[in-house]
Amino acid sequence: MSLSFAQQAIPYWRLSGFYFFYFAVVGTLIPYWGIYLKSLGYSSQDVGIITAIIMATRIIAPNFWGWLADHTQQRLRIIRMGSLAASIIFAGILLDQRYWWLVLVVSCYTFFWHAVLPQFEVITLGYLGDNYHRYGQIRLWGSIGFIAAVVGLGLVFDVMPIRFLPLFILSFLILIWLSSLSLKDLSAKKSDGQRQNFLALVLQPTILCFLVASFLLQLSHGPYYTFYTLYLVENYGYSSTATGLLWALGVVAEVAIFIVMHKLLRRFSLRFLMLFSLLATGGRWLLIAYGAEFLSILLFAQLLHACSFGIAHAVSIELVRTHFKGTNQGQAQALYSSASFGAGGAAGALVGGLLWDYSAVITFMLAAVAALLAFILCYVWLHPVHSVGETHHE
């Protein structure tokens, strides 16, 4: 795999390394953050609110940094500054764990952390050029980083107190910054010269539908990202190791999809793939809601992560690439990140926090309803353009 990239002068391992460390942070934060906060004595509502802040800063921050990057064409400098600032600010958690201090630190560090990924997506696509369909083969290393973190820490926290979690997160944040120092910024070469009206592009019915569906999709993931570990450990008695392995299985399925995604993008339309992923996502939450006591059902539900995240994200990146050109790329990637992982993730975490103590099953049922609503919207209004020369079958 890496030889073909080397022949095209694409820094495969340096790009992949960045994704590895970035999603190692995610694999450290998402599965174990709720347990860490619970260990400090916080309620489910507190956990939901603090987790929602992590998502909510993603509404504003990527758009600000995306606008700045598109206007200055200094994407890599923004990535380096953002990852370094995030590391320094997050270290504040080591000083105090009182509620309002946590809120302050989380709000500030995520404002800079969320500057990083959307702009790095643009840099990666800049390096890939006409080989954009190979994006998944680089992005899969982010999934591997997630797996390494979630499985490794599952083993660690079976023998060590969860209070050490911030040290692991801080270590990975520093590694993100260090890996950014090894790259050059080629994204400016993607400019088409004349800048199209960004708002006019966003107001296309297909793009509006895509953004709303992305919001609903990530809203449906909110309870999963916030409470899945607690759900299995507290409600069904699974160990931290078993829960970590289940998280990892979902991401292994995601890796498998990323490996073959370039073939799926050539064989099927973006619309078909998005509809398929949304339908599978709704089914996944229903399986977790009603079948968590059965390991076989949980295993199958985790394999559906290949659809609910892997296919959906790869299709979203491709949809943004085909509809937004040149100097609009940074803002477009940021808008997608804000609407989905930002607004959608925050709403999902808040809804999950409010409903969780009342009924975990109802919380996952509402997640399924959100995914199925996104399916209906996309069935009616999502009609993306295709890249020249591609053939699709539905």
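Does Gln 73 count as buried, exposed or partly exposed, and at what relative accessibility?

**View 1. Gln 73 in the loop between α3 (44-72) and α4.** Gln 73 counts as partly exposed because its relative accessibility is 22%; buried means under 20% relative accessible area, exposed over 50%, and partly exposed in between, with a 1.4 Å probe and protein chains only. The phi angle of Gln 73 is near 55°, a positive value in a residue other than glycine. Helices here are DSSP runs (H or I, at least four residues), numbered from the N terminus. The model is predicted, so that local features need pLDDT of at least 70 and side-chain atom pairs count only at pLDDT 80 or more, while totals for chains, interfaces and linings use all residues. Residues are numbered from 1 along each chain as its sequence is written, and side-chain values use heavy atoms, with hydrogens and water left out.

**View 2. Helix α4 (residues 75-90) against helix α8 (residues 165-180).** The two axes come within 9 Å and cross at roughly 160°; axes are lines fitted to C-alpha atoms, for helices over the stretch in contact, and angles run from 0 to 180 degrees between N-to-C directions. That angle makes α4 roughly antiparallel to α8 (under 35 degrees counts as roughly parallel, over 145 as roughly antiparallel, 65 to 115 as roughly perpendicular and the rest as oblique). α4 passes α8 in a left-handed crossing, a term for a near helix turned anticlockwise from the far one by less than a right angle, right-handed being clockwise. On the α4 side the contact (heavy atoms within 4.5 Å) includes Leu 76, Ile 79, Arg 80 and Phe 90. Among the α8 residues that they meet are Pro 166, Ile 169, Leu 173 and Trp 177. By class, the contact of α4 with α8 has 12 nonpolar, 3 polar and 1 charged residues; Ala, Val, Leu, Ile, Met, Phe, Trp, Tyr, Cys and Pro count as nonpolar, Asp, Glu, Lys and Arg as charged, and the others, Gly among them, as polar.

**View 3. Ile 79 within helix α4.** Ile 79 counts as buried, at 0% relative accessibility. Not counting residues up to four places away in sequence, Ile 79 touches Phe 18, Val 116, Gln 119, Phe 120, Ile 123 and Ser 180. The C-alpha atoms of Ile 79 and Val 233 are separated by 36 Å, and the two residues are 154 apart along the chain.

**View 4. Helix α2 (residues 12-39) and helix α5 (residues 99-113).** Their axes come within 15 Å and cross at roughly 165°. α2 is therefore roughly antiparallel to α5, and the crossing of α2 and α5 is left-handed. Tyr 22, Val 25, Val 26, Leu 29, Trp 33 and Leu 37 of α2 meet Leu 102, Val 106, Tyr 109 and Trp 113 of α5. The contact of α2 with α5 divides into 10 nonpolar, no polar and no charged residues.

**View 5. Ser 43 in the loop between α2 and α3.** At 33% relative accessibility, Ser 43 counts as partly exposed. Ser 43 and Asp 357 are 314 residues apart along the chain, and their C-alpha atoms are separated by 9.4 Å.

**View 6. Helices α10 and α12 in contact.** The axes of α10 and α12 come within 11 Å and cross at roughly 25°, and the two helices are therefore roughly parallel to each other. α10 passes α12 in a left-handed crossing. The contact residues of α10 include Phe 210, His 221, Tyr 224 and Tyr 231, and those of α12 include Met 274, Arg 284, Trp 285 and Ile 288. By class, the contact of α10 with α12 has 10 nonpolar, 3 polar and 1 charged residues.

**View 7. The buried side of helix α13 (residues 295-303).** Leu 298, Ala 301 and Gln 302 are buried in α13. They lie on the same side of α13 because they cover an arc of only 100° around the axis, the arc being that of the directions from the helix axis to the C-beta atoms. What covers the buried residues of α13 includes α10 (205-236), α11 (240-267), α12 (270-291) and α14 (305-323).

**View 8. Tyr 379 in helix α16 (residues 360-381).** Tyr 379 touches Arg 271 and Leu 275, not counting residues up to four places away in sequence. Tyr 379 and Met 274 are 105 residues apart in sequence and 9.3 Å apart in space, C-alpha to C-alpha.
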